Amino acid sequence: KRDGFFFGTYAKDNLMFPERLREAGVRTVAAQAHRYFAASAGFNQGFDVWEMVPGIKFDPQTDPNVTGPKHEEIAERLLGDPANTSGQFFAWFHFMDPHDVYVAHKEVPSYGHEPRDRYDGEVQFTDMQLGKLLDFVARQPWASRTAIVVSADHGEGFGEHGVFRHGFEVYQELVRVPWFFVVPGIAPRRIDKPRGHIDMAPTLLDLMGVAQGDAPLRGRSLVGEMLGREPAEARDVIVDLPRTSDNDRRRALISGDHKLISFGDDAYFRLYDLKEDPGERNDLRKKDTQALSRMVERYREHAKSIREVKPYACRKLKGAPEGRDH
């Protein structure tokens, strides 16, 4: 349940997975670096400690803040406090600096002067903060029994498909992100089949030995695949971008080599072969009608399982069909 605005608020009666962790006796701590994560938004549900980087300026059109160094300092302080780490704990730090405005940092050699170049510099700058934090973690007595997960919430557009920045489309440059697990005792391996963040919460619960509870999550734990106990079989991935006050609905189905994108309320589709065309430049919907029909049918079956939740505050969402406000 959400209010429906772009910088959304989530209803208090949602059950967030950190609440399940806390109920199981896991200490939960977090520090965030954008006003989107203000406590009033609801992301803090289930956290024993929730801090914000101080001095953040909020601009709904961009992000002028440089927060990485202060964020890393807060993370060290929280993780260095035995009250947070003497027992089993879960910590979440969402670093924000690879974000428009793309700022040049004196600590990073210049990649060039174009937006993409400055963005690359922002990524390296943030990697430096992560490196410092990981060095700190490695020195702690609990390091050898702690899993580290690194991922991202989105990529960034630099004109591909006419898109700049992020948040409104579901092309690969915006939704294909890194996902690393470093788990004590598990040998390195690569899972080369597509997986989605719907699997994040069940994987973390599984790693920590916490049951999913009476309302099982829709994703699947990846721990069996990490351990090599289960084959990394191909399975479909659904990308779901619900409507807000600022964006129309977008969905995508990735199945095998093909990706189908749905615009609006399935008003029209585009089809791509990601193996032959990873940049999604060649729309196949008219060139391969059999593949289109197969993917649309498969998509419609998946769509039946996506429950539409009407927002409780924003009365008219962008692109909502006539007679429907969500």
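Q: Which residues of α4 are buried?
A: Buried means under 20% relative accessible area, exposed over 50%, and partly exposed in between (1.4 Å probe, protein chains only). In α4, the buried residues are D117, Y119, G121, E122, F125, T126, Q129, L133, F136 and V137. This is a predicted model, where local features need pLDDT of at least 70 and side-chain atom pairs count only at pLDDT 80 or more, while totals for chains, interfaces and linings use all residues. Residues are numbered from 1 along each chain as its sequence is written, and side-chain values use heavy atoms, with hydrogens and water left out.

Q: What do the buried residues of α4 pack against?
A: They pack against α2, β3, β4 (148-151) and β5 (157-158). Such names come from DSSP runs, numbered from the N terminus: helices are H or I with at least four residues, strands E with at least two.

Q: What should helix α4 span?
A: The expected span of a helix is 1.5 Å times one less than its number of residues. Helix α4 (residues 115-138) has 24 residues, so it should span 34 Å; its end C-alpha atoms are 34 Å apart, which agrees.

Q: Now to rings, please. How many aromatic pairs does a search of the whole structure find?
A: A pair of aromatic rings is described by the distance of the centres and the angle of the planes. Rings of Phe, Tyr and Trp (its six-membered ring) pair if their centres lie within 6.5 Å; planes under 30 degrees apart count as stacked, over 60 as edge-to-face and the rest as tilted. The search finds 21 pairs here. Take F6 and F168: their ring centres are 5.5 Å apart and their planes at 15°, so this pair is stacked. F6 lies in the segment before α1 (17-23) and F168 in the loop between β6 (164-165) and α5 (172-175), so the pair ties together parts 162 residues apart in sequence.

Q: Are F6 and F168 buried or partly exposed?
A: F6 is partly exposed, at 24% relative accessible area, and F168 is partly exposed too, at 38%.

Q: How are the rings of F37 and W92 arranged?
A: Their centres are 5.7 Å apart and their planes at 90°, so the pair is edge-to-face. F37 sits in the loop between β1 (27-32) and β2 (49-52), and W92 in strand β3 (residues 89-94), 55 residues apart. F37 is buried, with a relative accessible area of 5%, whereas W92 is partly exposed at 25%.

How values were computed:
Contact means heavy atoms within 4.5 Å.
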